[in-house]
Amino acid sequence: MTGNASPRLADALATGTVVLDGGMSNQLKSAGYDLAGELWSARLLAERPEAVTEAHLAYFLAGASVAITAGYQATFEGFAKRGIGHAEAARLLALSVDLAREAARQAGDAGVERPLWVAASVGPYGAMLADGSEYRGRYGLGVAELERFHRPRLEVLAAAAPDVLALETVPDADEGAALLRAVRGLRVPAWLSYTVEGRRTRAGQPLEEAFAAAADVDEVIAVGVNCCAPADVEPAVEIAARVTGKPVVAYPNSGEAWDAGARAWTGPATFGTERVEAWREAGARLIGGCCRVGPETIAAIATDLG
């Protein structure tokens, strides 16, 4: 928890709407940093940590109240591929939380008086593979195997004391179930956010089924969608709110499509802030943007949501 006498994020969601940040990678790229390689923005945790703090700060100054850390592709297995050992990988995972916390401190020094929170990003198994499979799911692993993959990283992140764990861009209800098992007992709240296409997960399961698994998990303070097309948000938010009774998180991409082979975004942007009020009316309480959504859009969302 950041700032003076900040409420818990769960309490804030019970009384109003909270603005999330936007895409980390696009903000780093716009500042001139090279994100080539399988670690993507996580490589800067080791190489240019101050750049990560600067990116978080830009979103806080734009009006975001929650910073999602640069840990999406930060895993023990992914770091090992780069020759980074377990102890150093654990340090970098914890550092991802510290850097967001430092950005919140700097935002306070710059005159931001609202409560600010840090969400530790926990990307899906497919993010570690770095082959686009986070948009497909169906990795050929069972729930128990996926839980074993996620649990060590979650334990390190929980020990770093973020305000919430962001279990994000989950393409598959089986992986959602694994993550829900892995967060039990960590004593840190979490949100569970699927990447979707229409009314189904990317792996093809009905969203009613995917969200229902989180309904009775006390650690989960919000459920919802991210890293999807803006047009898919409103129906998914309605389903999430109806099935779980929990606050809903919504942070889609700009509307462009990811070409995994070319590792590039293609097509037009379709994210308009005119959609945001409808998301809130459907039950969204944590609202922001994901890939290719920058500080200018977050500033407009913060203004529109008042």
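Me: Is strand β3 buried or exposed?
Reply: Buried. In this predicted model, six of the six residues of strand β3 (residues 117-122) are buried, so the strand is largely enclosed by the rest of the structure.

Me: Which residues of β3 are on each side?
Reply: Trp 117, Ala 119 and Ser 121 are on one side, with Val 118, Ala 120 and Val 122 on the other. They are all buried, so both faces of β3 are covered, given that buried means under 20% relative accessible area.

Me: Ok, and which strands does β3 pair with?
Reply: Strand β2 (residues 66-68) runs parallel to β3, and three bridges join them. There's also strand β4 (residues 164-170), which pairs with β3 in the parallel sense over four bridges.

Me: New topic. How many salt bridges are there?
Reply: The count comes to 15. One of them joins the side chains of Arg 91 and Glu 88, at 2.8 Å from N to O.

Me: Where are Arg 91 and Glu 88?
Reply: Both are in helix α6 (residues 86-109). They're three residues apart there, which means about one helical turn separates them. Arg 91 is partly exposed, with a relative accessible area of 43%, and Glu 88 is partly exposed too, at 31%.

Me: What about the salt bridge of Arg 138 and Asp 174?
Reply: Their side chains meet at 2.6 Å, N to O. Arg 138 lies in the loop between α7 (125-129) and α8 (143-159), while Asp 174 is in helix α9 (residues 173-183), so the pair ties together parts that are 36 residues apart in sequence. Arg 138 counts as partly exposed at 48% relative accessibility, as does Asp 174 at 31%.

Me: And which parts does the pair Arg 242 and Glu 208 tie together?
Reply: Those side chains form a salt bridge at 3.6 Å, N to O. Arg 242 lies in helix α11 (residues 233-244) and Glu 208 in helix α10 (residues 207-212), so the two parts tied together are 34 residues apart in sequence.

Me: Which residues do salt bridges with shared partners join into one network?
Reply: Arg 43, Glu 47 and Arg 82.

Me: Last one: where is Thr 266, and what is it in contact with?
Reply: Thr 266 is in strand β11 (residues 264-266). Leaving aside neighbours within four places in sequence, Thr 266 is in contact with Glu 256, Ala 257 and Asp 259. Thr 266 is partly exposed, with a relative accessible area of 40%.

Note on methods
Residues are numbered from 1 along each chain as its sequence is written. This is a predicted model: local features need pLDDT of at least 70, side-chain atom pairs count only at pLDDT 80 or more; totals for chains, interfaces and linings use all residues. Side-chain values use heavy atoms; hydrogens and water are left out. Buried means under 20% relative accessible area, exposed over 50%, partly exposed in between (1.4 Å probe, protein chains only). Contact means heavy atoms within 4.5 Å. Two strands pair if DSSP finds at least two bridges between them. A salt bridge is a side-chain nitrogen of Lys or Arg within 4 Å of a carboxyl oxygen of Asp or Glu.
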